[in-house]
Amino acid sequence: MALKLKGVEYEYVEEDLKNKSPDLLKYNPIHKKVPLLLHNGKPILESLVILEYIDETWPGPAILPSDPYDRAMARFWAKFLDEKCWPAMRRACLSRGEEQEKANEEANEVVMFLENELKGNKLFWGDTIGLVDIAANLIGHWYGIFEEFNGIMQPPLITKDKFPNLCEWVDKYTNRSFVKENLPPKDKLAQLYMDRIQAAKAAAQ
């Protein structure tokens, strides 16, 4: 999304994480995972680090705010989404029984922070897509598919009654023409999540 926003031409290479390629093991020997950005033969690792590198390396629409305080807050919320929000939402989907009830409470608590942050905003920082919006793709596009095909959450975690600001953000963000043109195909993500759900269920047995 960030590369498209900047108008940067690139080659996209998919990885089979069950059979990792020699290039992935070569350029990311520490974590052995994606995403990985290879630029001028040098690897840049970790999603949020990659986004900042893209913003600093190529001209075009800014991904981070220019004001130092706003930049710090953008980094904070992006990290919050990556490290707190998504793990909590994932646990709420995959857990069972009493564990799921506890996971639902935790997920509701972290999502409410996002709900409050979005009050009065079309996007997380004004009218332009930025770092936090890109990090929030996990809610805007991925989580809805995960929840739909998981079939566990009854009722769903994110609803207009509980989180009207967040649901409005999802609608405005995913319906922008630029975003719609660059989101991953729904059927492909659905299959990926079904595979992960089955693997998680098998591991829990």
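## The β1–β2 hairpin

In the hairpin formed by β1 and β2, two residues lie between the strands, and Asn40 takes a positive phi near 55°; strands here are DSSP runs of E with at least two residues, helices are runs of H or I with at least four residues, and both are numbered from the N terminus. The model is a predicted one, in which local features need pLDDT of at least 70 and side-chain atom pairs count only at pLDDT 80 or more, while totals for chains, interfaces and linings use all residues. Residues are numbered from 1 along each chain as its sequence is written, and side-chain values use heavy atoms, with hydrogens and water left out.

Strand β2 (residues 42–45) runs antiparallel to β1 and is joined to β1 by four bridges, where pairing requires that DSSP finds at least two bridges between two strands. Leu36 has Leu45 of β2 as its bridge partner. Strand β1 (residues 36–39) has one covered face, with Leu37 and His39, and one uncovered face, with Leu36 and Leu38.

## Two domains

The domain assignment divides the chain into domain 1 (2–57) and domain 2 (68–204), with bounds that come from an automatic or database domain assignment. The C-alpha centres of domain 1 and domain 2 are 22 Å apart. Across the boundary, eight residues of domain 1 are in contact with 12 residues of domain 2, contact meaning heavy atoms within 4.5 Å.

## Packing of α3 against α4

Helix α3 (residues 47–57) and helix α4 (residues 68–94) have axes that come within 11 Å and cross at roughly 145°; the axes are lines fitted to C-alpha atoms, for helices over the stretch in contact, and angles run from 0 to 180 degrees between N-to-C directions. From α3, the contact is made by Leu48, Glu52 and Glu56, and from α4 by Arg71, Arg75, Ala78, Lys79 and Asp82. By class, this contact of α3 with α4 has two nonpolar, no polar and six charged residues, with Ala, Val, Leu, Ile, Met, Phe, Trp, Tyr, Cys and Pro counted as nonpolar, Asp, Glu, Lys and Arg as charged, and the others, Gly among them, as polar.

Arg75 has 33% relative accessibility and counts as partly exposed; buried means under 20% relative accessible area, exposed over 50%, and partly exposed in between, with a 1.4 Å probe and protein chains only.

## Other salt bridges

The count of salt bridges comes to four. One of them joins Asp55 and Lys6, whose closest N and O atoms are 2.9 Å apart. Because Asp55 lies in helix α3 and Lys6 in helix α1 (residues 2–6), this pair ties together parts that are 49 residues apart in sequence. Both Asp55 and Lys6 are buried, Lys6 with 10% relative accessibility. Leaving aside neighbours within four places in sequence, Lys6 is in contact with Ile54, Asp55, Trp58, Pro59, Gly60, Pro61, Ala62 and Ile63.

A salt bridge also forms between Arg91 and Glu106, with the closest N and O atoms 2.5 Å apart. Arg91 lies in helix α4 and Glu106 in helix α5 (residues 97–117), so the pair ties together parts that are 15 residues apart in sequence. Arg91 counts as partly exposed at 39% relative accessibility, and Glu106 counts as partly exposed at 32%.

Notes. A salt bridge is a side-chain nitrogen of Lys or Arg within 4 Å of a carboxyl oxygen of Asp or Glu.
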